[in-house]
Amino acid sequence: MLDSLSVPAFVKTPTFQIVAWNRAAVAVLGDYAAVPERDRNLLRRVFQPGSENKVHHVEDVRRACLASFRVDIARAGQSDEATALIDELMETSPDFRRLWDEGEIRSHGGFQKRLVRPDVGEIALESSVFHVEGSDGLSMLVLSPANEASARAVAQLVQRSVT
């Protein structure tokens with residue numbers, strides 16, 4: 001199913017570790033295969049030093065990710081992996097500590113992500129999350145273009161990646 005989607009999508013664990021992705025995700029977001037496995041974690045990426053210079057509306061993105069992470073680990077049950085990730089980010093990120101203390105909880109759905117790609121301009125993507133039945137808490141995050149211009153930009157990037 002993942003490979004049949006023409007929009008960016010990936011499968012993640014409850015601890016936000018990306019374990020699978022499609023061609024559109026590579027074309028629009030980057031090649032996860034080129035990133036060390038440990039660094040394929042969405043929380044680590046969004047709370048790493050310097051991410052505020054790469055991520056548009058970083059405060060909103062951080063809030064949304066952390067609030068959704070809380071939902072995912074509540075559903076899956078607290079694990080050693082989740083505890084270790086929380087401890088790591090509490091140690092390394094003042095913003096994580098601040099937002100963790102706020103305790104916000106909300107699902108992934110409806111979150112909007114904005115990217116700028118030099119060759120196609122701004123891309124607005126809306127998230128939808130689908131839980132993978134029969135798995136250990138895996139979910140598929142699908143990023144659909146929020147408008148016609150973004151749909152054209154995604155299609156252009158995907159087309160370029162196959163030629």
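Me: Which residue of β2 does Lys-12 stand opposite?

Reply: This is a predicted model, in which local features need pLDDT of at least 70, side-chain atom pairs count only at pLDDT 80 or more, and totals for chains, interfaces and linings use all residues. Residues are numbered from 1 along each chain as its sequence is written, and side-chain values use heavy atoms, with hydrogens and water left out. Strands β1 and β2 pair in the antiparallel sense over three bridges; helices (H or I, at least four residues) and strands (E, at least two) are DSSP runs numbered from the N terminus, and two strands pair if DSSP finds at least two bridges between them. Within β2, the residue opposite Lys-12 is Ile-18.

Me: Which residue in the turn of the β1 and β2 hairpin has a positive phi?

Reply: Most residues other than glycine have a negative phi. The hairpin of β1 and β2 has five residues between its strands. The residue in question is not a glycine, yet its phi is about 70°, and its place is in the loop between β1 and β2: Phe-16.

Me: Which residues of β1 lie on the two sides of the strand?

Reply: In a regular strand the side chains alternate between the two faces of the sheet. Both faces of β1 are covered, and the residues named here are all buried. One side carries Ala-9 and Val-11, the other Phe-10 and Lys-12.

Me: In what order do the five strands form the open sheet?

Reply: Strand β5 (residues 139–145) pairs antiparallel with β1 (residues 9–12) over four bridges, and β4 (residues 121–131) is joined to β5, also antiparallel, by seven bridges. The bridge partners in β5 include Val-142 for Ala-9 and Leu-141 for Phe-10, while Val-129 stands opposite Leu-141. The pairing in this open sheet is antiparallel, and the order is β2-β1-β5-β4-β3.

Me: How many of the residues of β5 are buried?

Reply: Strand β5 is largely enclosed by the rest of the structure. Helix α6 (residues 148–162) lies across β3, β4 and β5 and runs at about 85° to β4; axes are lines fitted to C-alpha atoms, for helices over the stretch in contact, and angles run from 0 to 180 degrees between N-to-C directions. Of the seven residues of β5, the number buried is five.

Me: What is the relative accessible area of Val-116?

Reply: Val-116 is placed in strand β3. Not counting residues up to four places away in sequence, Val-116 touches His-56, Gly-121 and Glu-122, where contact means heavy atoms within 4.5 Å. Val-116 is partly exposed, and its relative accessible area is 41%.

Me: At roughly what angle do the axes of α4 and α5 cross?

Reply: Two packed helices are described by the angle between their axes and the distance between the axes. The axes of α4 (residues 80–92) and α5 (residues 94–102) come within 5 Å, and the pair is oblique; angles under 35 degrees count as roughly parallel, over 145 as roughly antiparallel, 65 to 115 as roughly perpendicular and the rest as oblique. The contact includes Ile-86 and Leu-89 of α4 and Phe-96 and Trp-100 of α5. The crossing angle is roughly 120°.

Me: Is the crossing of α3 and α5 left-handed or right-handed?

Reply: The axes of α3 (residues 58–76) and α5 come within 10 Å and cross at roughly 55°, so the two helices are oblique to each other. A crossing is left-handed if the near helix is turned anticlockwise from the far one by less than a right angle, and right-handed if clockwise. The crossing of α3 and α5 is right-handed.

Me: How many charged residues does the contact of α3 with α5 have?

Reply: Among the contact residues are Arg-62 and Arg-70 of α3 and Asp-95 and Glu-102 of α5. Ala, Val, Leu, Ile, Met, Phe, Trp, Tyr, Cys and Pro count as nonpolar, Asp, Glu, Lys and Arg as charged, and the others, Gly among them, as polar. Beside six nonpolar and no polar residues, the number of charged ones is eight.

Conventions
Buried means under 20% relative accessible area, exposed over 50%, partly exposed in between (1.4 Å probe, protein chains only).
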